[in-house]
Amino acid sequence: MHAMFLPGVERAAPKGAYGAPIEAMRQAGLPVPQIMHLFAFKPDRTDHLSLFTQGVMRGPSPLSPGLRELIAAFTSRQNHCLF
């Protein structure tokens with residue numbers, strides 16, 4: 001995985017709900033998704049966004065979580081954003 005544009009965010013000690021998963025991924029030698037670094041950098045400002053995203057993508061819906069992921073990936077591609 002490429003380095004972030006904000007290396008201070010990536011190198012900061014992770015906090016909040018994402019802290020333990022990030023540390024576990026690092027210990028296992030796995031790449032850490034960059035969005036996790038952002039959520040762990042200042043959790044007091046991103047916890048609401050994480051809860052909202054999980055609700056939209058995994059909460060009750062007539063659409064399956066997989067279909068919602070496919071729609072998100074398609075939308076990102078249409079916007080020339082690698083997903």
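Helices (H or I, at least four residues) and strands (E, at least two) are DSSP runs, numbered from the N terminus. Keep that in mind for every helix label on this tour.

This is a predicted model: local features need pLDDT of at least 70, side-chain atom pairs count only at pLDDT 80 or more, and totals for chains, interfaces and linings use all residues. Residues are numbered from 1 along each chain as its sequence is written, and side-chain values use heavy atoms, with hydrogens and water left out.

**Whole chain**

The protein chain has five helices and zero strands. Its pattern along the sequence is α-α-α-α-α. Along the principal axes, the C-alpha atoms fill a box of roughly 40 × 25 × 25 Å. Now colour by accessibility. Buried means under 20% relative accessible area, exposed over 50%, and partly exposed in between (1.4 Å probe, protein chains only). Of the 83 residues in the protein chain, 22% are buried.

**Stop 1: a nonpolar patch**

Select Phe5, Leu6, Ile35 and Leu38. Together they form a nonpolar surface patch with about 460 Å² of accessible area. Areas come from the Shrake-Rupley method with a 1.4 Å probe; for residues, only the protein chains shown count as cover. Patches are made of residues with over 30% relative accessible area and no salt bridge: like charges are joined within 9 Å, nonpolar side chains (Val, Leu, Ile, Met, Phe, Trp, Tyr) within 5 Å. Zoom in on Leu6, in the segment before helix H1 (7–11). Leu6 counts as partly exposed because its relative accessibility is 48%.

**Stop 2**

Select Glu23 and Arg26. They form a salt bridge, with the closest N and O atoms 3.2 Å apart. The term means a side-chain nitrogen of Lys or Arg within 4 Å of a carboxyl oxygen of Asp or Glu. Both residues sit in helix H2 (residues 19–27), and because they are three residues apart, about one helical turn separates them. Glu23 is partly exposed at 33% relative accessibility. Arg26 is also partly exposed, at 33%.

Stay in helix H2 and pick Ala24. At 47% relative accessibility, Ala24 is partly exposed. Draw a distance from Ala24 to Pro60: the C-alpha atoms are 29 Å apart in space, and the residues are 36 apart in sequence.

**Stop 3: H2 against H3**

Show H2 with helix H3 (residues 34–41). Their axes come within 10 Å and cross at roughly 135°. Axes are lines fitted to C-alpha atoms, for helices over the stretch in contact, and angles run from 0 to 180 degrees between N-to-C directions. Angles under 35 degrees count as roughly parallel, over 145 as roughly antiparallel, 65 to 115 as roughly perpendicular and the rest as oblique. H2 and H3 are therefore oblique to each other.

**Stop 4: a link between H4 and H5**

Select Glu69 and Arg58. Their side chains meet in a salt bridge, 3.0 Å from N to O. The pair links distant parts of the chain, 11 residues apart: Glu69 is in helix H5 (residues 65–78), Arg58 in helix H4 (residues 43–58). Glu69 is partly exposed, with a relative accessible area of 27%. Arg58 is partly exposed too, at 45%. The salt-bridge count comes to two.

**Stop 5: His80**

Finish in the segment after H5, at His80. Its phi is near 60°, a positive value in a residue other than glycine. Most residues other than glycine have a negative phi. His80 is exposed, with a relative accessible area of 72%.
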